[in-house]
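Here are some notes on the model you passed on. Please read them with the structure open.

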Amino acid sequence: MRPPHRALELPGLHAYADQISVEAGGRIALHVSADVPYSVSLCRLGPDLNGPSTDEVLATQACPTPQVQPIHPGSCVHVPDGLPAQAVASLGFECWLQVWGLAGWQCVFSQMEQHAGADAGFGLFVDPAGHLALGCGAGPLAEEAGRRTLLRSPQALPLRQWLHVAATFERGHIALWVNGARVTDAEASATFDLADGPIRLGACGVNGRTDLFLEGDLAMPALYRSGLDAAAIAQRLQDRGLTTPDHSDLLACWPLDEMRGDRVRDLGPHGRHGRLINHGTRLINGPAFDPAEVPRYRDDAAPADARLDPRRAALRLASDDLVDCGWCPTHAFTLPADARSGLYVGRFEFEWQGRPARYDVTFVVRRPRHRPTPKLLVLCATNTWLAYAASPFAATHPQPAVWPRRSTGLPNSHPLAPRQCTYSYHRAGQPTYHAGLRMPRPNAAPYELYDPEGSGFAQWTRLERQLHVWLDAHGYDYDLASDLDLHRNPELLKDYRAVIINGHSEYWSQPACDGLDRYLRQGGCAVVLSGNSMYWRVSFDPDCTVMEQRKTRTPHDGLPAGGDDVVAPAGPHGEQYHSQDGRRGGLWRFAGQSCARLIGLETAGWGFAEPRDFGVYRVRDAAHPLFTTPFATGLRAGDTFGHGPGGSLPRAIGHEWDLTTATLMRMTRRVPDDADRPPLQPGIEVIAEGIRPIPGPLDAYLDYFEAPTASLGGLSCEMIVWQRPEGGRVFNAGAVGASWVLGVDERMGRLLANVLSAFSVPYPPHGPYTQAPAEAATTESA
């Protein structure tokens, strides 16, 4: 159970499911916070991609008396066994500190319980202007009430820079030290009263609850029964946070080197062990770590497990850290034992500001184990749903909403509620490295759209359902599975003739990649209807409730002249290593494994400023059997496809796209000094090219090493067929929008039917296609 913690009550309705994927016949629980009456239904999504008119309602429950369940954001270390409450004549604290941003009062260390009119305890703070502040017997509440004044450093602390700080009290003399220098001191009473309560690292007690959260990093905090002298402080500065104190008056020292889990051990004589609240972020570059030691493009110099490096034993805290709402389950549904595999929702319907409103919680239902396995598996890009889950507590809004580019999110329901995702920073600028599954994901509702507004484009559930609806319309029998299912069971694929990687399948874990590789080596087939595929490496905690990714800065990051920053929000170089497993994260191609080795293509860029930015496929090899057998597409060399009538939207080539390594290297002007020239994949057949002839204002064409480059005559992606030398066959469409045009462009549908047939998934006998369609499959040019 979480100790008493600052609570935020959210207006409106917010909900999440206890699982992102459940087997038919299983139980799904919905966790809800609401301040309005509602009804909730279990629904299987139907063929209407624009609304719920065709959804199948399986069960409904009413909730006339809703319950608001608060959230408790903010990370810190809670040490329940504080020092005895008594008059204290001497005390000292020192640590390494890096402050990320200023947002009101922040606490570095405390044993203090602030109440109106109650002055007791010890606390080291950063005030709203960035000055280090020491309270002995009183904290910020007492100062604001005019009862006491805290000792302040004369200068504000520099932000985002490691500093050694110390606070000492010795028989009425108090002092603050920064980087070994005493920056201020004062005389005070001979003793002060220590509060009865826990020790907190990165927070303080306010009116009985944990609050005043630190926006910063800590390394090697230590507490002493005496005020440290100049020599002792100088020694701690010289040690750079790498050694535990050798001091006779040591009361506690927390090296913060566990690297995972919530236990925080104390090496002091009394075993004042702590607990990390709300996850925080471990494996952070500490004050002794030199990021220049980490190769930017290679994994060969990395340790087997970066968690063994004491220079990375720093802990990052944030006032908006939250990976688990901790809400009680509110509703539960048991899926029918014969439920079809597919996407389902828990659908909440209520009235909001006098108008009907809807809130959908999307999850995957898998085939029950007792049913025969079909030939085809479709993978849902649920890791991408998580990574882009901006503003999880978004204010109630009409559906469908257009979610802004770069995942800045929708307006928040509460000004202090977390709004970050892996594409946005924490409130004080800390990079976001974790995404929790026990959180709302309103972006993954089935009808939501994504920028550019007016295009009708979506990159999550709605996009993926284009394929599901097409498969249903043509009579294919198939299973759905989530990314997390493949992570948990990498052998999942072996029972299927082919697997479709669909949508925006950007985030992959090592077990999932290994499972796909083994499946292909054993003769399996992969159909990739995705772009920006297998771009970032992710990992999961042992119970698979927190996903970790590590985006960090590279030499090509930053603001190009006259343009916007094109990279995702990222942390300092050197923090690529995951706390879950100690292995390098970031881009797969720089973490020891190129996705081109698995699926033939690599990410080559993105552009999503305006609807006109989307391009089309152009036929390169019209004689290839995939264009003719068993269904003639009618396409000739140079013809376009992957678009609506006359080249209209939807158009497949947009948002993000992929190219072969050979083409990327043609676009690469320089191989960096600490990089290797990548191997080229033999045997790849390029049957079509994705063309975007009109550059968009947010276009980013990137070479193999992520340096900005130019397109080759508008070439954005390549559609390939590949018999892998190691075994297995791959068809890769190379664009996020590949599924978007299904059901709109008949030629794209016939091509996909041909691919599946070639990959041992025959066309269903009662499907609408016939085997003499050459004249029916008319050719249109964009």
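Are F627 and F641 buried or exposed? Both are buried, where buried means under 20% relative accessible area and exposed over 50%, with partly exposed in between (1.4 Å probe, protein chains only). The points below take up this pair again, along with other parts of the structure.

1. Basis. The model is predicted; local features need pLDDT of at least 70 and side-chain atom pairs count only at pLDDT 80 or more, while totals for chains, interfaces and linings use all residues. Residues are numbered from 1 along each chain as its sequence is written, and side-chain values use heavy atoms, with hydrogens and water left out.

2. Strand β8. This strand covers residues 90-99, and ten of its ten residues are buried, so β8 is largely enclosed by the rest of the structure. Helices (H or I, at least four residues) and strands (E, at least two) are DSSP runs, numbered from the N terminus. In a regular strand the side chains alternate between the two faces of the sheet. In β8, S90, G92, E94, W96 and Q98 point one way, and L91, F93, C95, L97 and V99 point the other way.

3. Partners of β8. Strands count as paired if DSSP finds at least two bridges between them. Strand β14 (residues 163-170) runs antiparallel to β8 and is joined to it by eight bridges; here E94 stands opposite A166. Strand β21 (residues 216-224) also pairs with β8 in the antiparallel sense, over seven bridges, and G92 faces Y224 there.

4. A three-stranded sheet. An open, antiparallel sheet has the strand order β44-β41-β46. β44 (655-659) and β46 (700-701) are the edge strands, each with a single partner, so one side of each has no neighbour in the sheet. Five bridges join β41 (residues 602-607) to β44, and E602 stands opposite L659 in this pairing.

5. Nonpolar cores. A nonpolar core is taken as a set of buried Ala, Val, Leu, Ile, Met, Phe, Trp, Tyr and Cys residues joined through side-chain atoms within 4.5 Å. The largest has 100 residues, of which L529, Y617, F641, M719, F731 and L756 touch the most other members. Helix α9 (residues 746-758) supplies the largest share of this core, six residues. Another core lies apart from it and has 41 residues, among them V79, V99, V165 and L317.

6. Aromatic pairs. A search of the whole structure finds 33 of them. Rings of Phe, Tyr and Trp (its six-membered ring) pair if their centres lie within 6.5 Å; planes under 30 degrees apart count as stacked, over 60 as edge-to-face and the rest as tilted. F348 and Y359 have ring centres 6.4 Å apart and planes at 75°, so this pair is edge-to-face. F348 is in strand β28 (residues 342-352) and Y359 in strand β29 (residues 355-366), so the contact ties together parts eleven residues apart in sequence. Both F348 and Y359 are buried. The rings of F627 and F641, with centres 6.0 Å apart and planes at 80°, are edge-to-face as well. F627 belongs to the loop between β42 (616-619) and β43 (640-641), and F641 to β43, so this pair links parts 14 residues apart in sequence. One aromatic cluster is formed by F93, F109, F122, F169, F192 and W254.

7. Charges over rings. The criterion is NZ of Lys or CZ of Arg within 6 Å of the ring centre and within 35 degrees of the ring normal. The charged end of K551 sits over the ring of W536, 4.8 Å from its centre. R750 has its charged end over the ring of Y769, 4.5 Å from the centre.

8. Helix α4. Of the 13 residues of α4 (residues 461-473), eleven are buried, including R462, E464, R465 and W470. The expected span is 1.5 Å times one less than the number of residues. For α4 that should be 18 Å, and its end C-alpha atoms are 18 Å apart, which agrees. G475 follows α4 and has a positive phi, near 85°.

9. Cysteines. With a disulfide defined as a pair of cysteine sulfur atoms within 2.5 Å, a search of the whole structure finds zero. The closest cysteine sulfur to that of C325 is in C328, 12 Å away, too far for a bond. C595 is in no disulfide either; its nearest cysteine sulfur, that of C513, is 8.3 Å away. C325 counts as buried at 2% relative accessibility, and C595 counts as buried at 2%.
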